[in-house]
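Colleague: I would like to go through this model with you and ask, term by term, what each description rests on. Could you show it first?

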Amino acid sequence: MKLSNLAACATTLALAVPGAALADSGRAENWAIGMRDAASPVQHQLNDFHNTLLVIITGIVLLVFVLLGLVIYKFRASKNPTPSRTTHNTLLEVGWTALPLIVLAFIAWESMRLLYFMDRVEDPEMTLVVTGYQWYWGYAYPDQQVDEFLSILIPEEELEEGQLRLLSVDNPVVLPIDTDIEIQITADVNGVLHSWAVPSFGIKTDAVPLRKNHTWVRIEREGTYYGLCSEICGDGHAYMPIEVRAVSREAFDDWVEQQVAGRELDEPPVLLTRTYQGPVNADGQLAQASGQQDILETR
Ligand SMILES: [Cu+2]
């Protein structure tokens, strides 16, 4: 949301209407405020919940301010040389205990409902397996028999027109729109904790070695969506972005065909050596984190 929309935004907040239509980008923009554009049912609900909470806390702050002002004005020393000694009022006390309880119960109920909604989808149509490595992501599509491929940051000096610094990767993860996708997230068994986070989808799920966490997405629009590792995982933490290409189902099927075509299933795995880029220091030189990793590749 651009700053110039602030006035519209203020009106929107006051009326508790979910965020105005935003530019469709899937990435952060300069001078933007508010949530990233929602592109999944989960993120839509998160936005709505966020807006509802904003109204509730605004109401509470205003109420407290007004009461405080009233007390300061009405019971000032000059007007009350002999202060009242009134204590206890059953109705008031029950009221100011019960009201916050009701508000909190509503927030808790809504939070839990959303947590369960984010957790899983009934009968997913396909599965994406995400694995966090030091420091890049691997993606596999077991249903489509697409073996794991690696998604590695494009170094700044190799960026091409239209690619984004610290966000674009060599092999983006490709997903179809309008499809219930189960996402299983784990991390390299010899590795560390990561977190696979794509704000437009409302996803931020930890990638834990030897554990498979899961979540789901149903992408509503074609486009490119970006995310970042969101668990401080080590010195390559800032260099393992997530780039998701959401395409039509037909385009996705074509992509799968390309991935699978020409692959001899009986071929023995090949030992490949991949390099990854670690942090860059002020002179643009790679710091010591850069290195190599041997990967068994079945293609
Ligand atoms: Cu990480």
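Colleague: How do you know how far the chain can be trusted?

Modeller: This is a predicted model, and the predictor's confidence runs from 0 to 100; on that scale the mean pLDDT of the chain is 84, with 79% of its residues at 70 or more. Over residues 1-24, however, the pLDDT is below 50, although this stretch has 31 contacts in the model beyond near neighbours in sequence.

Colleague: What makes β4 and β7 edge strands of the sheet?

Modeller: The sheet is open and has five strands in the order β4-β10-β9-β6-β7, with mixed pairing. β4 (173-176) and β7 (203-207) each have a single partner strand, so one side of each is left without a neighbour in the sheet, and they stand at its edges. From one strand to the next the twist averages 25°.

Colleague: Why are β9 and β10 called paired strands?

Modeller: Pairing requires at least two bridges found by DSSP, and five bridges join β9 (residues 223-229) to β10 (residues 242-247), so the two strands count as paired, and they run antiparallel. Within this pair, Tyr225 stands opposite Val244 in β10. Helix α4 (residues 249-260) packs on the sheet, where the helix touches β4 and β10, and its direction makes about 135° with that of β4.

Colleague: How do you know that β6 and β9 pair as well?

Modeller: The cut-off is at least two bridges, and β6 and β9 have two bridges, in the antiparallel sense, so they meet the requirement. Here Ala197 stands opposite Leu228 in β9.

Colleague: And what joins β6 to β7?

Modeller: Five bridges join β6 to β7, and these strands run antiparallel, with His194 opposite Ala207 in β7. Their hairpin has four residues between the strands, and Gly202 in that hairpin takes a positive phi near 70°.

Colleague: Why is β6 called mostly covered?

Modeller: A residue is buried if 20 or more other C-beta atoms lie within 10 Å of its own; four of the five residues of β6 (residues 194-198) are buried, and the strand is therefore described as mostly covered. For the chain as a whole, 22% of the 299 residues count as buried.

Colleague: What share of the contacts links residues 24 or more positions apart?

Modeller: Among contacts with a separation of 6 or more, such residues account for 61%, in a chain that has four helices and 12 strands.

How values were computed. Residues are numbered from 1 along each chain as its sequence is written. This is a predicted model: local features need pLDDT of at least 70, side-chain atom pairs count only at pLDDT 80 or more; totals for chains, interfaces and linings use all residues. Two residues are in contact if their C-beta atoms, placed from the backbone, lie within 7 Å. Axes are lines fitted to C-alpha atoms, for helices over the stretch in contact, and angles run from 0 to 180 degrees between N-to-C directions. A residue is buried if 20 or more other C-beta atoms lie within 10 Å of its own, exposed if 12 or fewer, and partly exposed in between; C-beta atoms are placed from the backbone.
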